[in-house]
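Biologist: Please show me the model. I have some questions about it.

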Amino acid sequence: MDSAEKSARQGRRMGASLAFPASIMVLIVMLVPILMLFRYSFNHFDNGMMVEGFTLDSYLKFFGDPYYRDVFLNTVYVAAVCTILSLILGFPVAYFLAKSQSRYKSLFIILLVFPLMVGNVVRAAGWMIILGNAGFVNYFLQLFGFTDQPVQMMYTPFAVIVGTTGVVLPYFILTLQSVLEGIDFSVEEAAQSLGANFFVSFYRIVLPIAAPGVAAGTVLVFILCMNAYATPVLLGGTGITMMAPALYDQITKAANWPFGASLALVLVVATLAMATLSNWFIHRRYVKTMVS
């Protein structure tokens, strides 16, 4: 074994030993509540109280009730649309920041991070002012004659998608930008000098290399959207119901812990399954493109 390989192994061991305590803490904090919810989901709910037992009534209620199936499908739909919009809107920004040599690059990143310092409730309130019947959007639509009366945008899926995308977009850009920073863009320039246009060089060189960042960003955004609470409640109202608000109502208002726990577990399992599937698909496409 040469000294370089020995140093690499020592480095990996040191990294693992440093990460082990934090990993154990996170595992405990995450795993214990999930196990408790798993046990609660099989209990009975009788006369407004949770009763110890073992029954599948909560899961049968969820899968058998069209209302809750629609709630789940609404959540997946909003999360998928917000993820796609984040990819479409965020990739050009991340690409620009990664290639930029401007002295104002740090300022651009600060402006990108700044919205993350504001709570989701405050940002949702801002969208309420913009999208309301007397908001900026309706004011300009009527000012330029596009409509004679206010367009109902609040308390619709459109408002939830716009507000949620605004919340998660910085996360996607920052995640992808960190990956694009490691790309040697001289390879892209070399391809263009050999006759490839921008789109060919981008598709054949930049996109395959950026695929891991795209996978990480989309998975992160999808998970955040699936579990969004404040934005769907404030912007969606009764126009659209998603899983997190429905779960909250069952536990806090109805005090139905078994059914609330089953909703939580369905949300967790579905989110992890779809996030893992999308990550596998992107990486598979990435390896296939690189090989070809």
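Biologist: Which backbone oxygen does the side chain of Ser86 reach?

Modeller: This is a predicted model, where local features need pLDDT of at least 70, side-chain atom pairs count only at pLDDT 80 or more, and totals for chains, interfaces and linings use all residues. Residues are numbered from 1 along each chain as its sequence is written, and side-chain values use heavy atoms, without hydrogens and water. Ser86 lies in helix H3, residues 66–99 (helices are DSSP runs, H or I, of at least four residues, and strands, E, of at least two, numbered from the N terminus). At 2.8 Å, its side chain reaches the backbone oxygen of Cys82.

Biologist: Is Ser86 buried or exposed?

Modeller: Buried means under 20% relative accessible area, exposed over 50%, partly exposed in between (1.4 Å probe, protein chains only). Ser86 has 0% relative accessibility, so it counts as buried.

Biologist: Which residues is Ser86 in contact with, leaving aside its neighbours within four places in sequence?

Modeller: Contact means heavy atoms within 4.5 Å. On that basis, the partners of Ser86 beyond those neighbours are Phe91, Thr165, Val168, Leu169, Phe172 and Val221.

Biologist: What is the relative accessible area of Phe20?

Modeller: Phe20 sits in helix H1, residues 3–40. It is exposed, because its relative accessible area is 52%.

Biologist: How many helices and strands are there in the protein?

Modeller: From the N terminus, the elements run α-β-β-α-α-α-α-α-α-α-α-α-α-α. That gives twelve helices and two strands.

Definitions and conventions
Polar contact = N/O pair within 3.5 Å; in protein donor to acceptor, adjacent residues only side chain to side chain.
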